[in-house]
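This report covers a two-chain model, taking one chain as a whole, then the contacts between the chains, then a single residue.

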Amino acid sequence: MDKLLRDKKAIILFVAPALILFTVVLFIPIGTSFYYALCDYDKTTRSYSFIGFGNFIKLAKDPTMRIALKNSLFFLVFSCVSQLIMGLLLAALLTNITKGRNVFKNVIYLPCVLSSAALGLLWAFLFHAKVGINNLLANFGIQGPAWLYSTSGFITLPMWVIAFVSLWQYVGQSMMLYMAQISGINKSLYEASYIDGASKVKAFRYITLPLVKPMIGTAMSLNAIGSLKFFDLIYSMLGDKTENLKMDVLATYLYRTGFSSKGGNHYGKASAIGVILVVLCLLATGIINKLFKTENYEM
Amino acid sequence: MNRTAENEKPIKISTILIYVFFCFMMVLYLAPLFWIGMTSLKTRAEIYKSPFGWPEAFQWGNYAVAWKAGKLGIAMLNSLFVCVVTLILTMIIGSMAAFAIARLKWKLSGAAMIYIMIGMMIPVHCVLIPLFVRFAGIGLNNNLWGLILPYLTFSLPTCVFIMSGFFRSIPNELLESACMDGCTIYQIFFRICFPLARTGLFVTGLMTFIGNWNELLLALVFVSDDMKKTLPVALTKFVTPYQTNYDKMFPAIMIAIIPTIVVYCLFSNQIVDGLTTGAVKG
């Protein structure tokens, strides 16, 4: 038996396809991406010349990059905080009811599996300046704001709209994770606390919250990576308008720098944005894991 | 008796409040989807005039027009091809790797697991440009296989992760008795472990399929040929900088999301379980 499980040839046959794929499609390109980030790409000759940190210096001075970075960090913070609050709230409330729990759970989770591109189009229409929600408001004599075109404020209105849409779409994911954790908590803990005279709110504060803390770390890092990767919704809601309206995030700016028909093919600069994105992802997950690192309680 | 009544009363009010809250949430979640359906059956003038009203007459013809104008048939076929091929390859390659990592005995299995798990943390944007340049060099751009390769790679970590959990839960005695009966390691995998991990395969399969069905960025970058576009890309084409054809756009949205909704309704419990197990242990 043991000999069979140590069969070198079989081991190699089993893992080789996955590892080769990973190396070729993921790790070598990551390395290349770091190299490209340090290069200037010449469109006409299709050649790369090493320029050190030139791209990063250029990006540091680039006003669009600053907007993109600001918006991405806004999404990061907003999604981490809002998903934590809403996800926990929904999960805590759902575990308190029995009838219809599955229906509520499944419906709230539904948008997570739907295409962001399709839902983005829907929301773009609902937040259209004239039709959509503003049409409804006009019936009551209220002049609605230009949801997706306003450019005033530090964080512009469109960013808030999109942030809430993404909360709507993805809160199911966090809710699921918290629910899985909460339903794993031993019921006797609650019974004991009720006998000692604790209210439901207190039980939540002193039993549920400490015990879901490890899951907060996991869910929040998922949110953080997701919000930094954020592309589909913005692209389908704003399309190519991101440029004029100061509504770029890192992913859309990367896409525009690298591939858009107008300002495209700056592969060096786009790679530099990609590198910044990865570094941010790793930083965010690192910080979150440090913040929520707890010993696992016995449950 | 009196005391229990007193104890139950506040709980009941809170329960009612919870139900009211969730009914509100249901409206918030289902109304937009319902509304897409309604709007997709209106004429263009109607959409502008009364965006929230009931359609005067059901314009089923909108669907045919959108289907043709957006080349949705071909887009759907492309999406289906890419997703199915990715799905099959992910299941085979992923569960093979998971089996080796979970059950076979070699020194580097832990390291291999970490190597694959890193893939979960890396956003696809970072490899977009190198992959695009490389694929353009070997003729994989504008080619559906050029989409399948990265999709496959980015689907593997979750698959390996979930499947290795399933393989670990298979009792040792089963493998030992198979071994006694003279099974080779390949037979153990394909005849015993692979069929036993059906549930895991099903869950990973669904997740892989849904994830790739919705993917936009890679598809947008790698494919520029109209005949090779996938469904999400075809959808974004309904919005042009100058005008938006809402009467075609809404049927197109419906066409795009109905398959996912059907799959979700059929298998929602498995999908939900799979997604949570996948993330919980990660």
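The model is predicted: local features need pLDDT of at least 70 and side-chain atom pairs count only at pLDDT 80 or more, while totals for chains, interfaces and linings use all residues. Residues are numbered from 1 along each chain as its sequence is written, and chains are lettered from A and ligands numbered from 1 in the order in which they are written.

Chain B contains 13 helices and zero strands (DSSP runs numbered from the N terminus: H or I of at least four residues for helices, E of at least two for strands). Its radius of gyration, taken over C-alpha atoms, is 24 Å, well over the 19 Å from the globule rule for 282 residues, so chain B is more spread out than a compact globule; the rule is 2.2 Å times the number of residues to the power 0.38. Along the principal axes, the C-alpha atoms of chain B fill a box of roughly 80 × 75 × 35 Å.

## Contacts between the chains

In chain A, 72 residues are in contact with 75 residues of chain B (C-beta atoms, placed from the backbone, within 7 Å). Helix α2 (residues 8-37) of chain A gives the most to the chain A side, with 16 residues.

## A:Arg256

A:Arg256 lies in helix α12 (residues 250-259) of chain A. This residue is buried because 23 other C-beta atoms lie within 10 Å. The C-alpha atoms of A:Arg256 and A:His266, ten residues apart along the chain, are 9.1 Å from each other.

Technical notes:
Buried ≥ 20, exposed ≤ 12 C-beta atoms within 10 Å, placed from the backbone. Contact = placed C-beta atoms within 7 Å.
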